Amino acid sequence: MFKDIKFILKQIIKNQKRFLKSKLGNHISNVGATHKSKLVKESIDYVNDVFDDYLQYGKLDSTDLKDKVILEIGPGDNFGNALLFLVHGAKKVYLLDKFYSERNQEQQYRIYKRLRENLTKEQQSKFDLALIFSKNSFEFNKEKIEYIYGYGIEDKKNTLPKNYFDIIVSRAVIQEISNTVKVFKKMHRLLKMNGLMLHKIDLRDYGTFSKYKKHQLGSLQFNSFVYKLMTNHSGLPNRRRINHYRNLLKQFNFKSMIYITHLFGENESEFVPHKFMDDIEKEISQKDVDYIENSRNLLAKEFRKTATKDLLISGIFINAIKE
């Protein structure tokens, strides 16, 4: 018990420190600093993989992106995907981030240079309209890429225009937002009718709680009120499960498809291509089911009646259209 209290207090203090920093205007964070430790080639591969996911699971091509206005939530330390949307025909990309992710500008310069080199001549011309290089530095054209940081999509400070965006995308961001109801309501308001949103959502806990509890569902074993005190300002997962997102999509009348990207278990490698719910039955072993059922009584009250299959899913990709 004492060990639990010590761990909880430590997390609450870290969370409140992050909250105070933001209140005092310091939005710099290592949250979203995806490229900080990557080589340039690794960064390029990552950017291309993310963009290809948007095309594949959004069922998009360049004709679908032509003249579209796009919002990317949580771009982090690199705007490579915004640039790829633009070179494939988008009109403008808005980038919204709660934190200003730490970044190495020299590294980012090299990434953008390499990204440009890999494009066709026509695409390079579009790239040059969005990003201007000078000696060892670069600047984004605000007419093409508008970067906003310091508050989340759900915050009152967010004054982005209603019914304005054709597409909203995010990668491993939605799981870090505490009030998901507000987020989906806001995205519904921002999207045009028949607008599309694409979100890849990691349902794991980044190891913080699973490591402490020595269980893959360790984050679900804390009281809900206490868990929020530990996490809601720190960029840590909100621990919402697939059934929660399924219900939100229904609540806001989105026409949607949910792909499964990962399952908890001994082999937690990503499904490539991603699968639908009906296709994962053969991926679930009795051992995986027993792993969940044997620990159900340890879970916080709100998760004890969650279907086993829903608890086993540890990653999803949402394709949703506003109707």
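The following exercises, each with a worked solution, concern the predicted model shown above.

Residues are numbered from 1 along each chain as its sequence is written, and side-chain values use heavy atoms, leaving out hydrogens and water. In this predicted model, local features need pLDDT of at least 70 and side-chain atom pairs count only at pLDDT 80 or more, while totals for chains, interfaces and linings use all residues.

**Exercise 1. The chain as a whole**

Determine how many helices and strands the chain has, and compare its radius of gyration with that of a compact globule.

Solution. Begin with the secondary structure: the chain has 12 helices and 12 strands. These are DSSP runs numbered from the N terminus, with helices (H or I) of at least four residues and strands (E) of at least two. Next, take the radius of gyration over C-alpha atoms, with the globule rule of 2.2 Å times the number of residues to the power 0.38. For 323 residues a compact globule would have a value near 20 Å, and the chain agrees because it has 20 Å. The C-alpha atoms fill a box of roughly 60 × 45 × 40 Å along the principal axes. Finally, consider burial: 51% of the 323 residues are buried, where buried means under 20% relative accessible area, exposed over 50% and partly exposed in between (1.4 Å probe, protein chains only).

**Exercise 2. The nonpolar cores**

State how many residues the largest nonpolar core has and which residues have the most contacts inside it.

Solution. A nonpolar core is a set of buried Ala, Val, Leu, Ile, Met, Phe, Trp, Tyr and Cys residues joined through side-chain atoms within 4.5 Å. The largest has 48 residues, and Leu71, Phe184 and Ile316 have the most contacts inside it. A second, separate core of 38 residues includes Tyr54, Phe79, Leu115 and Leu196. To examine Phe184, set aside residues up to four places away in sequence; among the residues that Phe184 then touches are Ile174, Tyr245, Phe252 and Ile318. Contact here means heavy atoms within 4.5 Å. In soluble globular proteins, nonpolar side chains tend to be buried together.

**Exercise 3. The setting of Phe127**

Decide whether Phe127 is buried or exposed, and identify the residues in contact with Phe127.

Solution. First, locate Phe127 in helix 6 (residues 121-130). Second, read its accessibility: Phe127 has a relative accessible area of 1% and is therefore buried. Third, leave aside neighbours within four places in sequence; Phe127 is then in contact with Leu83, Val87, Tyr112, Leu115, Arg116, Leu119 and Phe133. For one of these, Leu115, the C-alpha atom is separated from that of Phe127 by 9.5 Å, with the two residues 12 apart along the chain.

**Exercise 4. Backbone details in loops**

Find which peptide bond is cis at Pro273, and describe phi and accessibility for Asn136 and Lys214.

Solution. The bond from Val272 to Pro273 is cis, with omega near 0 degrees. Pro273 lies in the loop between strand 10 (254-263) and strand 11 (275-276). Turning to Asn136, this residue is in the loop between strand 5 (131-134) and strand 6 (137-140). Phi of Asn136 is near 60 degrees, a positive value in a residue other than glycine, and Asn136 counts as exposed because its relative accessibility is 59%. Lys214, in the loop between helix 8 (208-213) and helix 9 (224-231), has a positive phi of about 55 degrees although it is not a glycine. At 68% relative accessibility, Lys214 counts as exposed.
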